[in-house]
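Subject: Structure handover

Hi,

Here is the structure I promised to pass on to you.

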Amino acid sequence: MIKIQVIHGPNLNMLGHRERKIYGNISLLEIDALIHAEAERLGVQVRIDQSNSEAEIIDLIHSAALQADCLIINAGAYAHYSYAIRDAIAAADLPTIEVHLSNIYAREEFRRQSVIAPVAVGQITGFGYNGYLMALAEAVRLASNRPVVSGPPSSTRS
Ligand code: DQA
């Protein structure tokens, strides 16, 4: 079964309370329930984690590299400046989709750059929580097209 890892970065646990005009009233718990329901509908396994810590996010990416077929990440503000998270994604060699609830290009200047975008397959920004559901559909497509890494044929094994 296709395995997809979703990572929510810093302050996303505050959704439903923080800057509601920008991020809406929906809580992270509600978003996660929608992601789980969509994953079930698509017939894939999803694991969702949230962390406010850069180091923890890097560890989550490292373990996703070993277990998952695709990564969906909203790195929050880290997306704008964390070269360490960028490097972790590059090292993971996992098809990665960057998600932002708000349209980062329509906001403050410092949000208009993502250091993660160059190592992601693509970015979904500005569609609210729907962005995660769009990403999930795309993740399934990316994971299905992923070459299967297999060992040498059994006849060549010693
Ligand atoms: C965000 C956009 C970031 O600029 C911000 O720091 C966030 C949320 C989004 O989902 O729109 O925390 O990643």
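Tyr 78 is buried in this predicted model, because its relative accessibility of 14% falls under the 20% cut-off. Tyr 78 belongs to helix α4, which covers residues 78-81.

Gly 9 is located in the loop between β1 and α1. With a relative accessibility of 0%, Gly 9 counts as buried.

Which pocket holds it? The ligand sits in the largest pocket. The residues around the ligand are Pro 10, Arg 18, Tyr 23, Asn 74, Gly 76, Ala 77, His 80, His 100, Leu 101, Ser 102, Ile 104 and Arg 111. By class, this shell splits into five nonpolar, five polar and two charged residues.

- Ser 102 has a polar side-chain atom 2.6 Å from an oxygen atom of the ligand.
- Asn 74 has a side-chain N or O atom 2.8 Å from a ligand oxygen atom.
- Arg 18 places a polar side-chain atom 3.2 Å from an oxygen atom of the ligand.

How much of the ligand's accessible area does the protein cover? On its own the ligand has 320 Å² of accessible area, and the protein covers 98% of it.

His 100, also one of the residues around the ligand, lies in strand β4, residues 96-100. Is His 100 buried or exposed? His 100 is buried, because its relative accessible area is 4% and the cut-off for buried is under 20%. The side chain of His 100 also makes a polar contact of 2.7 Å with the side chain of Glu 98.

Another histidine, His 8, is in strand β1. The relative accessibility of His 8 is 0%, so this residue counts as buried. Which side chain does His 8 contact? The side chains of His 8 and Tyr 132 are joined by a polar contact of 3.0 Å.

Finally, some backbone angles for you to check. Asn 11 is not a glycine, yet it has a positive phi of about 75 degrees. Asn 11 lies in the loop that runs between β1 (3-8) and α1 (20-23). Its relative accessibility is 40%, so Asn 11 counts as partly exposed.

Glu 19 also has a positive phi, of about 30 degrees, although it is not a glycine. Glu 19 is placed in the loop between β1 and α1. At 42% relative accessibility, Glu 19 counts as partly exposed, since that value lies between the 20% and 50% cut-offs.

Best wishes

Terms used: Residues are numbered from 1 along each chain as its sequence is written. This is a predicted model: local features need pLDDT of at least 70, side-chain atom pairs count only at pLDDT 80 or more; totals for chains, interfaces and linings use all residues. Side-chain values use heavy atoms; hydrogens and water are left out. A residue is near a molecule or strand if one of its heavy atoms lies within 4 Å of it. A polar contact is a pair of N or O atoms within 3.5 Å; within protein, one must be able to donate a hydrogen and the other to accept it, and residues adjacent in sequence count only if both atoms are side-chain atoms. Accessible areas come from the Shrake-Rupley method with a 1.4 Å probe; for residues, only the protein chains shown count as cover. On a 1 Å grid over the protein atoms alone, a cavity is a set of points where a 1.4 Å probe fits but cannot get out, and a pocket is an open set with protein on both sides within 12 Å along at least five of seven lines; lining residues have an atom within 4 Å of a point. A molecule sits in a cavity or pocket if more than half of its atoms lie within 2 Å of its grid points. Ala, Val, Leu, Ile, Met, Phe, Trp, Tyr, Cys and Pro count as nonpolar, Asp, Glu, Lys and Arg as charged, and the others, Gly among them, as polar. Helices (H or I, at least four residues) and strands (E, at least two) are DSSP runs, numbered from the N terminus. Buried means under 20% relative accessible area, exposed over 50%, partly exposed in between (1.4 Å probe, protein chains only).
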